[in-house]
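This briefing sets out the overall form of the chain, followed by selected local features. It is intended to be read beside the sequence and the coordinates.

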Amino acid sequence: MKNNLAIVIPYYKINFFGATVESLANQTNKQFKVYIGDDASLDNPKELLDKYQDQFNFVYQKFEENLGGISLVQQWNRCIALSSNEDWIIILGDDDVLESNCVESFYSNLKEIEDLDSTVVRFATQVVDKNGKTISKIHQHPKIEIAVDFLIRKFKGGTRSSLSEYVFKKKVVDKVQFKDFPLAWYSDLLAVLEFSNWKQIFTINEAIVYFRLSGINITSRTDDSVIKNIATFQFYHFLLHKYDTKLSKQLVQEIFNRIEKTLLDNKKNLKRWLQLFSLYLKFLQFKRFFTLSLKIKKSIR
C-alpha cells in the first residue's frame, strides 16, 4: 500500500528528540515515511537514530548551513523538499510527541477527509512540560470547522494551535507556501487559514499530539519579545491587507484592536505607522486614526 503520509522533522535540539522518535516507533500504523532535516546542529542525532533503523522508514539529511537562525520557515521548506511523492505531510517539532494511534486514526478518517475535499486536518492536543507531564487540558475541536470560525475561537482564547498537530495536503503546501514571518511566529496559524483556502478544517479528536512547552523552544522564550511583536504586526497586517473579503466586520474590528495594541507596544517603527495608516484609509477607519493618535500623545507625555 502506498505511503500517503510524510512526517517531516526540522531537527536542531536533541534534548527531547528521543521522545519524538520513540513516539514514531510506537505508531500502531507504520504507513508513513519520516524525513529529518538537521539544521547544522551541534547535537548529532545519528547514535539515537541508529536504534530505530528497523522500526520505521526514515531519511536523515545533515545540512551544512544553519538556516533556522536566519529563517525558520526556510528551514521548514528545505526539510519539506526532502519528502517524496506523499499526498499528505506533518511537520513535527523535534520536541513534540504523537500519541501511538495518530497515524492509524488519520488513515481511518482519510476517506471522509478526501470526500469532503479537506486539505487541512488536525489532531487534538495537550501541552506537556520538559518532563513530559501534562500541563493543560486536552484541546479538542469541532469535527468540521470553517477556518474563519477557528480564527475567531483562537482570538477569544477558546483554543490553541501549533504546527505539529496539523496534517496538510502536500500539493497545497507546495503551491501556497508558508509566509516567512520572523521566528515563523504566526506563520503556522496563517498556513492553516491559507492551506485550507479558508474552508473546512477536519479534526481527529480521538488522537492527541503532545506539544512540549520546554522552556527552550520559541514559544517558551521571552527574550524574543521585540521580534515576536514585529511578526505579530506582520500577521495582522497581512490578514487585513489580503483577506479583507474573508473577514466579517466584527472580525476586522477585532484585528484592528490587536494590531493597534501591537504597535503601541513598540512605537518606534515609522514603516509600521505608515502601513497602519494605509489600512485606516482602506477600511475608512478615520475615527480609529484619531483615537490612536490621542493615545500616542498621552503615552509620550
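A residue counts as buried when its relative accessible area is under 20%. Arg 122, with a relative accessible area of 0%, is therefore buried. The model described here is predicted. It contains 11 helices and 9 strands.

**Overall form**

- The radius of gyration of the chain is 20 Å, close to the 19 Å that the globule rule gives for 301 residues, so the chain is as compact as a globular protein of that length.
- Along the principal axes, the C-alpha atoms occupy a box of roughly 65 × 45 × 35 Å.
- Buried residues make up 52% of the 301 residues of the chain.
- The accessible surface of the chain is about 14500 Å², and carbon and sulfur atoms account for 52% of that surface.
- When contacts between residues at least 6 apart in sequence are considered, 76% of them join residues at least 24 apart.

- Arg 122 is located in strand S6, and its side chain forms a salt bridge with that of Glu 145 (2.5 Å, N to O).
- Glu 145 belongs to strand S7 and Arg 122 to strand S6, so this pair ties together parts that are 23 residues apart in sequence.
- Both Glu 145 and Arg 122 are buried.
- The side chains of Arg 122 and Glu 145 are also joined by a polar contact of 2.5 Å.
- A network of salt bridges links Arg 122, Glu 145 and Arg 153.
- Beyond its neighbours within four places in sequence, Arg 122 is in contact with residues including His 141, Pro 142, Phe 150, Glu 165, Tyr 166 and Ile 201. The list of contacts also includes Phe 202, Thr 203 and Ile 204.

**Strand S6: Thr 125**

- Strand S6 (residues 120-128) also holds Thr 125, which is buried at 0% relative accessibility.
- The side chain of Thr 125 makes a polar contact of 3.0 Å with the side chain of Arg 160.
- If residues up to four places away in sequence are not counted, Thr 125 touches Lys 137, Ile 138, His 139, Arg 160, Glu 165, Ile 208 and Val 209.
- Thr 125 and Leu 98 are separated by 27 residues in sequence and by 9.4 Å in space, from C-alpha to C-alpha.

**Further salt bridges**

- Side chains of opposite charge can pair when their charged atoms come close.
- The structure holds 14 salt bridges, one of which joins the side chains of Glu 112 and Lys 143 (3.1 Å, N to O).
- Glu 112 lies in helix H4 (residues 102-115) and Lys 143 in the loop between S6 and strand S7 (144-146), so the pair ties together parts that are 31 residues apart in sequence.
- Glu 112 is partly exposed, at 32% relative accessibility, and Lys 143 is likewise partly exposed, with a relative accessible area of 41%.
- Lys 179 and Glu 194 form another salt bridge, in which the closest N and O atoms are 2.7 Å apart.
- Lys 179 is placed in the loop between H6 and H7 and Glu 194 in helix H7, so the pair ties together parts that are 15 residues apart in sequence.
- Glu 194 counts as buried, at 7% relative accessibility.

**Helix H3 and its cover**

- The buried residues in helix H3 (residues 72-80) include Val 73, Gln 75, Trp 76, Arg 78, Cys 79 and Ile 80.

**A nonpolar surface patch**

- Phe 277, Leu 281, Leu 284, Phe 286 and Phe 290 make a nonpolar surface patch of about 520 Å².
- At least two residues of the nonpolar patch come from each of helix H10 (270-283) and helix H11 (286-300).
- Phe 277, one of the patch residues, lies in helix H10 and is partly exposed, with a relative accessible area of 36%.

Technical notes: Residues are numbered from 1 along each chain as its sequence is written. This is a predicted model: local features need pLDDT of at least 70, side-chain atom pairs count only at pLDDT 80 or more; totals for chains, interfaces and linings use all residues. Side-chain values use heavy atoms; hydrogens and water are left out. Patches are made of residues with over 30% relative accessible area and no salt bridge: like charges are joined within 9 Å, nonpolar side chains (Val, Leu, Ile, Met, Phe, Trp, Tyr) within 5 Å. Accessible areas come from the Shrake-Rupley method with a 1.4 Å probe; for residues, only the protein chains shown count as cover. A salt bridge is a side-chain nitrogen of Lys or Arg within 4 Å of a carboxyl oxygen of Asp or Glu. Helices (H or I, at least four residues) and strands (E, at least two) are DSSP runs, numbered from the N terminus. Buried means under 20% relative accessible area, exposed over 50%, partly exposed in between (1.4 Å probe, protein chains only). Contact means heavy atoms within 4.5 Å. A polar contact is a pair of N or O atoms within 3.5 Å; within protein, one must be able to donate a hydrogen and the other to accept it, and residues adjacent in sequence count only if both atoms are side-chain atoms. The radius of gyration is taken over C-alpha atoms; the globule rule is 2.2 Å times the number of residues to the power 0.38.
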